[in-house]
There are 2 protein chains.
Amino acid sequence: MELPVIQLGRRDPQPPLFDKIGIVGLGLIGGSIALAARQLWPSALVIAVDNKDVLETAMRLHAIDVAADDLIVLAEADLVVLAAPVKQNIALLAELDEHIRRPAVVTDTGSTKREIMAAARHLPPRFTFVGGHPLAGSARGGLEHARPDLFMGRPWLMTSTGERASAAAEKVSAFVRALGAQPRTIDAEAHDRLVAFLSHLPQLTASALMRVVGEAVGADGLTLAGRGLADTTRLASSPPEIWKDIAATNADELAAALEELIALLQELRADLRGGDRLAAVFEDARRWRELLTPAS
Amino acid sequence: MELPVIQLGRRDPQPPLFDKIGIVGLGLIGGSIALAARQLWPSALVIAVDNKDVLETAMRLHAIDVAADDLIVLAEADLVVLAAPVKQNIALLAELDEHIRRPAVVTDTGSTKREIMAAARHLPPRFTFVGGHPLAGSARGGLEHARPDLFMGRPWLMTSTGERASAAAEKVSAFVRALGAQPRTIDAEAHDRLVAFLSHLPQLTASALMRVVGEAVGADGLTLAGRGLADTTRLASSPPEIWKDIAATNADELAAALEELIALLQELRADLRGGDRLAAVFEDARRWRELLTPAS
């Protein structure tokens, strides 16, 4: 595996923003943060918590300095990045007090923000929580697809609350900017509604479509599929495990988004022979589609 | 515009299967057939019918030999390819008798097959109709995206009925094989059900999804969209005009496919907090998705 080098960090090395960076969960996102941090700040310690198999891979990739399957290894961390599935991140918040004795900035990379922001209000005062959500997924998850340049040019949504969080938010902003991302502040409610449409609805739609088509035409029929079906269902390769948490912690917004899609599909279904509604929807859709980045 | 050369045709030139190839409708498909036929059989005449603007472009691309905006130019054709939208193709069938005086093989490239096969039964006996459907679309239609290698390695579904059609079907098979496509015979009913799932349902879903997301998040929100939304909605760039005909001529099968998708989306909606159904659907979808060609 050849690792791209983040040019900016090499050309103009900066003192590390954090000395001991703890990362819990080394999937695509956590692993990519680890790889980038090691390249950017050779003097900082990257400490990882995950299960033993994942940590072995991470050591082999030189992604981390210290590894353990227990939070105790984070005792000295000044930044803790929770990069496990959303519900695990929320559960982990409650365990930090026991394991980390010094003040630390805590952030996460979860795809929903309201529940974890609410849970973070119960953290002891020596922790400052800043919510984070890098919009830099990939249809393929897991550490084996991690890359230090995963966040380059991508938005990184940040949610924080209260006066106390602002200095910490500045530091986390600088951290994600160093990874190549573009931090944007948004409140947790607006975030969850936005990603329900931009990310969660497309994901559920792609998976539902793939299942319906697969069951209807079978493996033989799929040999006749073209690029259209392949594009539309590419997200159906996403790992199921993270999506259960995302759906559960954004159920209301995602239900509302699903209802809008279902209602429109029902309208189209009622107009197949006439086609005027269909033509209007296609025309609208084409105009919206043109606003997506040309590169995509 | 650089035109790829079909290597097989160049290396081993064959006598033309048809001497005068008439093509009605020079969009992506008709235009690509014209370009390929000109390369493969320099001695055959490629005669095109479309409106004047399109024909000017076609002449500029050296895609055709003879052009007119009237079917009269097809009088001597021994192959007529109807490559207009489905309902126009059906209407054109009724006009052939008036304009073409000699026996001819007639085929089409439409995305639905039951209606045109039924209409073709009323053709005078000097015409033999073989239904055709090249599975070689692109998210971008129109002559400007036509290429002679569009059909290379792609399936070309063929429907024909009756004894009389079999010799013509053989010849059309050889014709599409020369274009690089892989002919497959299928009956019209099975065809229309198959493409309802493989092609029409993904198209309607992509357009509906894009419209719902665009309306919900607006142009600003779309700047935060990632590759997932871009992939899932790529088909929403398809030209609306051809889809009205496709939906109308496959309304029953497409309605059934839409109902299956809507039912599954409703199941997912009811299970967002629990997530067991969601996890099962995601798992199924991931397995089906793996059966799509690795290249896609």
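The C-alpha centres of domain 1 and domain 2 of chain A lie 31 Å apart, with domain bounds taken from an automatic or database domain assignment. This is a predicted model, in which local features need pLDDT of at least 70, side-chain atom pairs count only at pLDDT 80 or more, and totals for chains, interfaces and linings use all residues. Residues are numbered from 1 along each chain as its sequence is written, while chains are lettered from A and ligands numbered from 1 in the order in which they are written.

**Domains of chain A**

- Domain 1 covers 7-186 and domain 2 covers 191-290 of chain A.
- The contact between them takes 15 residues from domain 1 of chain A and 16 residues from domain 2 of chain A; two residues are in contact if their C-beta atoms, placed from the backbone, lie within 7 Å.
- On the side of domain 1 of chain A that touches domain 2 of chain A, helix H4 (86-99), helix H5 (114-120) and strand E7 (155-159) each supply at least two residues. Helices (H or I, at least four residues) and strands (E, at least two) are DSSP runs, numbered from the N terminus.
- By class, this side of domain 1 of chain A has five nonpolar, five polar and five charged residues. Ala, Val, Leu, Ile, Met, Phe, Trp, Tyr, Cys and Pro count as nonpolar, Asp, Glu, Lys and Arg as charged, and the others, Gly among them, as polar.

**Contact between chains A and B**

- Chain A and chain B put 74 residues each into their contact.
- Helices H7 (188-222), H8 (227-232), H9 (240-249), H10 (251-270) and H11 (276-290) of chain A each supply at least two residues of the side that touches chain B.
- H7(A) gives the most to that side, with 23 residues.
- The side of chain A that touches chain B divides into 47 nonpolar, 15 polar and twelve charged residues.
- The copies meet through the same surface, because 100% of the interface residues of chain A are also interface residues in chain B.

**Sheet of chain B**

- An open sheet of eight strands in chain B has the order E3-E2-E1-E4-E5-E6-E7-E8, with mixed pairing; two strands pair if DSSP finds at least two bridges between them.
- Strand E3 (66-68) and strand E8 (182-185) of chain B are the edge strands, each pairing on one side only.
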